[in-house]
Amino acid sequence: MAASTFHHALGTVKFLGWDSSPGSQNGISTFSVKMVSKDFGLDMRLLKRGNCSSGSCKLRMVHALASHSSVADPVQAPSNQNSSDSQKKTNETALILIRHGESLWNEKNLFTGCVDVPLTQKGVEEAIEAGKRISNIPVDMIYTSALIRAQMTAMLAMTQHRRKKVPIIMHNESQQAKAWSQIYSGDTLKQSIPVITAWQLNERMYGELQGLNKQETADRFGKEKVHEWRRSYDIPPPNGESLEMCAERAVAYFKEQIQPDLLTGKNIMIAAHGNSLRSIIMYLDKLTSQEVRFP
């Protein structure tokens with residue numbers, strides 16, 4: 001079974017579909033074929049949709065493929081040659097997972113967690129390169145964390161998309177915010193992509209480590225103790241979250257909010273963080289805590 005790992009501005013592309021056959025299992029089943037370059041990793045999952053009239057559709061993997069193209073080469077959505085294959089293409093949907101580019105605290109080697117810091121210039125460039133990789137993949141909706149580094153990554157990535165649709169953050173925090181941000185042009189709406197922000201997709205909260213230098217923290221508490229806080233599945237740092245705790249909120253949000261959109265055929269991009277995305281991949285690939293690879 002595949003293991004999960006992340007680099008800055010990593011792009012994971014899953015082509016998903018659903019299976020309503022009586023013998024299908026609950027949940028999502030995928031197979032990973034990974035391409036990793038200097039700064040990016042790419043998984044491509046090609047799945048198709050079966051007869052979904054029963055209303056009990058599930059997701060299943062049909063085929064997986066990967067390319068060893070350069071970082072600048074865009075990933076191509078699967079092309080089909082005849083009418084039968086064309087129908088199959090309409091039954092496919094994409095899930096794109098992108099980890100944010102380098103942040104200012106990544107650059108300073110500080111524990112960041114849920115502190116809201118922006119991207120460095122390198123992070124901006126990484127987000128743009130990630131956008132080039134997915135420029136041919138359709139995107140109907142975008143989900144990001146509530147943190148600016150993930151939101152910047154999503155917005156910058158979409159500047160490279162060939163369809164040139166405009167990502168617009170939805171402000172539903174109050175009735176007034178929703179009313180003030182309403183769009184009244186149908187044509188403009190068709191050229192827009194809604195962006196939903198959710199704190200549940202935030203990086204795991206590092207508690208009392210946030211803002212501390214990673215090397216100085218290892219010198220103070222011991223390398224083994226800091227490694228345990230950072231890389232174990234169920235041991236949190238002082239007053240912080242473990243990966244298990246992060247997974248509980250991230251996967252619950254994915255199942256409740258994002259998966260229903262996939263099951264209606266929408267192509268989704270998620271721009272978030274190493275641990276929240278790792279949690280979602282654990283769910284998608286049915287990985288155990290022992291099968292998750294920590295960089």
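Analyst: Let me begin with one term: a polar contact is a pair of N or O atoms within 3.5 Å, where, within protein, one must be able to donate a hydrogen and the other to accept it, and residues adjacent in sequence count only if both atoms are side-chain atoms. This is a predicted model, in which local features need pLDDT of at least 70 and side-chain atom pairs count only at pLDDT 80 or more, while totals for chains, interfaces and linings use all residues. Residues are numbered from 1 along each chain as its sequence is written, and side-chain values use heavy atoms, with hydrogens and water left out.

User: Okay, which polar contact joins the side chains of T93 and N267, and what distance does it have?

Analyst: The side chains of T93 and N267 are joined by a polar contact of 3.3 Å. The T93 side chain also reaches a backbone atom, namely the oxygen of G265, at 3.4 Å.

User: And where is T93, buried or exposed?

Analyst: T93 belongs to strand β7, and with a relative accessible area of 1% it is buried. Buried means under 20% relative accessible area, exposed means over 50%, and partly exposed lies in between, using a 1.4 Å probe and protein chains only.

User: Stepping back, how many helices and strands does the chain have?

Analyst: The protein chain has 10 helices and 11 strands; these are DSSP runs numbered from the N terminus, with helices being H or I of at least four residues and strands E of at least two. Of its 295 residues, 47% count as buried. Where contacts have a separation of 6 or more, 81% of them are between residues 24 or more positions apart, a contact being heavy atoms within 4.5 Å.

User: What does the largest nonpolar core look like, and which residues have the most contacts inside it?

Analyst: The largest nonpolar core has 22 residues, and L95, Y143, L201, F254, I258, I268 and I270 are those with the most contacts inside it. Two or more residues each come from β7 (93-99), β8 (141-145), α9 (243-263), β11 (268-272) and α10 (274-285), and α10 gives the most, with six residues. A nonpolar core here is a set of buried Ala, Val, Leu, Ile, Met, Phe, Trp, Tyr and Cys residues joined through side-chain atoms within 4.5 Å.

User: What does I270 touch?

Analyst: Leaving out residues up to four places away in sequence, I270 touches L95, I96, L97, I98, Y143, L201, F254, I258, L277 and I280. There is also a second, separate core of 15 residues, which includes I134, I137, V139 and A157.

User: Changing topic, what caps the N-terminal end of α7?

Analyst: N213 caps helix α7 (residues 214-221) at that end, with a side-chain oxygen 2.9 Å from the backbone nitrogen of Q215. Just after α7 comes G222, which takes a positive phi of about 100°.

User: Which residue has a positive phi although it is not a glycine?

Analyst: N109 is one of them, with a positive phi of about 60°; N109 lies in the loop between α2 (104-107) and α3 and is partly exposed, at a relative accessible area of 33%. N239 also has a positive phi of about 60° without being a glycine, and N239 sits in the loop between α8 (223-231) and α9, where it counts as exposed because its relative accessibility is 59%.

User: Last one: which residue's side chain does S185 join in a polar contact?

Analyst: The side chain of S185 joins that of T188 through a polar contact of 3.1 Å. S185 is in the loop between α5 (175-180) and α6 (186-190), and at 28% relative accessibility it counts as partly exposed.
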